[in-house]
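Here is a short tour for anyone about to open this model in a viewer. Please keep the sequence at hand while you read.

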Amino acid sequence: MQRKEYVPEPIDTSDVVLSEELLELTEVLAKNTHHVWAQERIRLGWVYGEERNSELKTTPCLVEYEELPEFERDFDRNTAMETIKLLLKLGYKITKQNPAGSLEG
């Protein structure tokens, strides 16, 4: 059986402009995305290594978010930004609660 070619068709969010506050939220989400990814890799037995090797389960990305190469952080930022843009495009509103409900810290 021949597999059909996959053609991604994400919802177009190019018309969505994020406020400065939501751009700041993007960075928080990007950092958390990396933490979630790293936690899962560690759970699966991956460790830090100079090179990515699936057989040995090593990756140079098991470091703090701030230590990642810029292109890796950009990947997480883009995922976060597109998620926020999609939520807004679908009609959801993102509002910050009082400081007690803040994610900062």
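Predicted model: local features only at pLDDT ≥ 70, side-chain atom pairs only at ≥ 80, totals over all residues.

**How the two helices meet**

- Two packed helices are described by the angle between their axes and the distance between the axes.
- Here, helix H1 (residues 20–43) packs with helix H2 (residues 70–89) at an angle of about 125 degrees, and their axes are 8 Å apart.
- That angle is why H1 counts as oblique to H2.
- The crossing of H1 past H2 is right-handed.
- On the H1 side, the contact is made by Leu 22, Leu 23, Leu 25, Thr 26, Glu 27, Leu 29, Ala 30, Thr 33 and His 34. Their partners in H2 are Asp 76, Arg 77, Ala 80, Met 81, Ile 84 and Leu 88.
- Sorted by type, the residues of this contact comprise nine nonpolar, three polar and three charged.

**Helix H1 on its own**

- H1 has 24 residues, and 35 Å separate its first C-alpha from its last. That is close to the 34 Å expected at 1.5 Å a residue.
- Which residues of H1 are buried? They are Leu 22, Thr 26, Ala 30, His 34 and Ala 38.
- An α-helix has 3.6 residues a turn, so residues three or four places apart point the same way.
- The buried residues of H1 pack against H2.
- Just after H1 comes Gly 45, whose phi is positive, at about 95 degrees.

**Leu 86 in helix H2**

- Leu 86 belongs to helix H2.
- Is Leu 86 buried or partly exposed? Leu 86 is partly exposed, because its relative accessible area is 29%, which lies between the 20% and 50% cut-offs.
- Beyond its neighbours within four places in sequence, Leu 86 is in contact with Ile 11 and Thr 13.
- Leu 86 and Pro 10 are 76 residues apart along the chain, and their C-alpha atoms are separated by 9.4 Å.

**The loop between S1 and S2**

- Lys 57 sits in the loop between strand S1 (47–48) and strand S2 (58–59).
- Most residues other than glycine have a negative phi, and most peptide bonds are trans.
- Lys 57, by contrast, has a positive phi, near 55 degrees.
- Lys 57 is partly exposed, with a relative accessible area of 33%.
- Gly 49 is also placed in the loop between S1 and S2.
- Gly 49 has 10% relative accessibility and therefore counts as buried, the cut-off being under 20%.
- What does Gly 49 touch, leaving aside its neighbours within four places in sequence? Gly 49 is in contact with Thr 58, Thr 59 and Pro 60.
- The C-alpha atoms of Gly 49 and Leu 62 are 8.1 Å from each other, with the two residues 13 apart along the chain.

Key
Residues numbered from 1 in each chain as written. Heavy atoms only, no water. Axes fitted to C-alpha atoms, helices over the stretch in contact; angles between N-to-C directions. Helix = DSSP H or I, 4+ residues; strand = E, 2+ residues; numbered from the N terminus. Parallel < 35°, antiparallel > 145°, perpendicular 65-115°, else oblique. Left-handed = near helix turned anticlockwise from the far one by under 90°. Contact = heavy atoms within 4.5 Å. Nonpolar A, V, L, I, M, F, W, Y, C, P; charged D, E, K, R; others polar. Buried < 20%, exposed > 50% of the residue type's maximum accessible area, 1.4 Å probe, protein only. Expected span 1.5 Å × (residues − 1).
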